[in-house]
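Open the model in your viewer and keep the sequence panel in reach.

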Amino acid sequence: MAAVAGPDRPGDDDPGRGRRIGIDVGSVRIGVASSDPDCILATPVETVPRAKDRGPDAPDIRRIIQIVMEYEAVEVIVGLPQTLRGEPGKAAKLASDFARRLRRQLPDVPVRMADERFTTVTAARALRESGVSARGARPVIDQAAAVAILQGWLDERSAALNVAEDGDQGGGR
């Protein structure tokens, strides 16, 4: 198996204000979420069926690109599933390959990988606790997982920007 890079972190190369798109790549479906332009809240968008075609013009890649363009996204965050030890597995390779294909089609929009341990499990539990039945809920779970991935990124981004601002204040307070 080819090496899978670790997750990215929000940092100096932040594109600034604007919507982000969060993606939970699965073998059957892709959950999609978006943020508001101020990067405070992630919300579900849709569930895209996974295409068997893995080419650059595959229907799933085309739909994600349409969403990125419709939302005028400044950044795309793809969940990177890892084991509890932080090691990549088969699912991480699937997500990394998908992100690589997206990068080729979206050269002007940064495509980042974010640690997504537990997001699907957490999303499924939250939906179950809110009364959503498991039957037929998979597409909703995929969207909720995308929301969790993106919200985690937004929260980490906010913390990183606050630390950077505090550091820019200088020492004479």
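Select helix α1 (residues 59-70) and helix α2 (residues 90-105), which pack at an angle of about 60 degrees with axes 11 Å apart. Axes here are lines fitted to C-alpha atoms, for helices over the stretch in contact, and angles run from 0 to 180 degrees between N-to-C directions. Helices (H or I, at least four residues) and strands (E, at least two) are DSSP runs, numbered from the N terminus. This is a predicted model, in which local features need pLDDT of at least 70 and side-chain atom pairs count only at pLDDT 80 or more, while totals for chains, interfaces and linings use all residues. Residues are numbered from 1 along each chain as its sequence is written, and side-chain values use heavy atoms, with hydrogens and water left out.

Now show side chains at the helix pair. Asp60, Ile61, Ile64 and Ile65 in α1 meet Phe98, Arg101, Leu102 and Gln105 in α2, contact meaning heavy atoms within 4.5 Å.

Next, select arginine 50, in the loop between β3 (42-49) and α1. Is arginine 50 buried or exposed? Its relative accessible area is 11%, so arginine 50 is buried (under 20% relative accessible area; exposed is over 50%, partly exposed in between; 1.4 Å probe, protein chains only). The arginine 50 side chain reaches the backbone oxygen of glycine 26 at 3.0 Å. Leaving out residues up to four places away in sequence, arginine 50 touches, among others, Asp60, Phe98 and Arg101.

Finally, zoom out. The chain has four helices and five strands, in the order β-β-β-α-β-α-β-α-α along the sequence.

Methods:
A polar contact is a pair of N or O atoms within 3.5 Å; within protein, one must be able to donate a hydrogen and the other to accept it, and residues adjacent in sequence count only if both atoms are side-chain atoms.
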